[in-house]
Amino acid sequence: MTETANPADPAIRASGLRRSFGATPAVADLELEVAAGAVFGLLGPDGAGKSTLIRMLATVLRPDAGDAHVFGHSVISEAGKVTPRIGYMSQKFSMYPDLSVAENMEFFATIRGVSRADRRTRAATLLAGMGLDEFTTRQAQHLSGGMKQKLMLATTLMHEPDLLLLDEPTTGVDPVSRREFWRILAGLHRAGKTVLVATPYMDEAERCTQIAFLDRGQIKQSGTPEQIKARIPGRLVEVAATEPRAALAAVQGVPGVDSAHLLGDVVRVLWSGSAEPESVLRAALAAAGVGGAGTREVAPDMETVFAYLADSSAGSGNLLADPDEAPGTGVSP
């Protein structure tokens, strides 16, 4: 960290941010603000623009139009002031496979300008905190998936950045390692770091202080997880049956059913009808010959939100209504 953050500046403010690849827009006139100290989650289907957005914020990609400011500094005209403040972790494992854990830490600390006096103590602290202190001599290529991700995070933190930009850091990692990774992020959040993380996992989205849903390069919804869940219209009902696919087919198209999806072996139904959903759904299941089915109403969660937003985006484009939404920004005030 090279300078003290101005508390008046958001960690990130993007305006009119745009980037295309050929004729394909990846990020389109995007507006975004992330408060300092937030854990901000980016959600969206594949190809929504999450990685492109993060790479522009990290000064790896130059925007075609618009600009983004990190702690008040432009990623276009002041990249030299932005890069010392950020730690960027890409989707791809970017450590040197033939170097040991300790050698990777030393190398990346050197290129990020960490003084010789600080390298050893910082590396020891970070590796101990991530459970890697017993593996300092192991080559990076021989680490498990979760250990590789923690090594990448440790090297990213060596220069003590104020803002972490993490592009799906736990994809393909086992559930235990994912929980451990997020335990580390929670500690960084308590220490005042700002985290922007793209994630495909809805349980991780629940851990964020703020989330945004991207689609076709634009932010369609933003708010806390509780605020977004509260905007889901109607009621959520789970249908458990011995033949879940038959149950799904039986409830789709029933009047009052806005959407229906399989989540594991359970059918989740978003209901907007005026009648009691459970009696209507049980009748539809019985009429279709689906036996042994049970129904129960449950509270919406982030899986519901993601499925609904993805369906809305692919269909009419009418996403969750928010009467307080700032016009034209896609970001709630």
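Some ground rules: residues are numbered from 1 along each chain as its sequence is written, and side-chain values use heavy atoms, with hydrogens and water left out. As the model is predicted, local features need pLDDT of at least 70 and side-chain atom pairs count only at pLDDT 80 or more, while totals for chains, interfaces and linings use all residues.

Helices and strands here are DSSP runs (H or I, at least four residues, for helices; E, at least two, for strands), numbered from the N terminus. Axes are lines fitted to C-alpha atoms, for helices over the stretch in contact, and angles run from 0 to 180 degrees between N-to-C directions.

| Pair | Angle | Axis separation |
|---|---|---|
| H5 (residues 145-157) and H6 (residues 175-190) | about 20° | 9 Å |
| H3 (residues 101-111) and H5 | about 30° | 9 Å |

Angles under 35 degrees count as roughly parallel, over 145 as roughly antiparallel, 65 to 115 as roughly perpendicular and the rest as oblique. So H5 and H6 are roughly parallel to each other, and H3 and H5 are therefore roughly parallel too.

Contact means heavy atoms within 4.5 Å. On the H5 side, Gly146, Gln149, Lys150, Leu153 and Leu157 do the touching, and H6 brings Ser177, Glu180, Phe181, Ile184, Leu185 and Leu188. Sorted by class, that contact holds 6 nonpolar, 3 polar and 2 charged residues. For the classes, Ala, Val, Leu, Ile, Met, Phe, Trp, Tyr, Cys and Pro count as nonpolar, Asp, Glu, Lys and Arg as charged, and the others, Gly among them, as polar.

H3 passes H5 in a right-handed crossing as well. Here Val101, Asn104, Met105 and Phe108 of H3 meet Leu151, Ala154 and Thr155 of H5. This contact has 5 nonpolar, 2 polar and no charged residues.

**Histidine 159**

Histidine 159 sits in the loop between H5 and strand S7 (163-167). Its relative accessibility is 10%, so histidine 159 counts as buried (under 20%; exposed is over 50%, partly exposed in between, with a 1.4 Å probe and protein chains only). A polar atom of its side chain lies 2.8 Å from the backbone oxygen of isoleucine 86, and the backbone oxygen of threonine 156 is 3.3 Å from a polar atom of that side chain.

**Alanine 284**

Alanine 284 belongs to helix H10 (residues 277-287). At 17% relative accessibility, alanine 284 counts as buried. Leaving aside neighbours within four places in sequence, alanine 284 is in contact with Ala250 and Val254.

Note on methods: Polar contact = N/O pair within 3.5 Å; in protein donor to acceptor, adjacent residues only side chain to side chain. Left-handed = near helix turned anticlockwise from the far one by under 90°.
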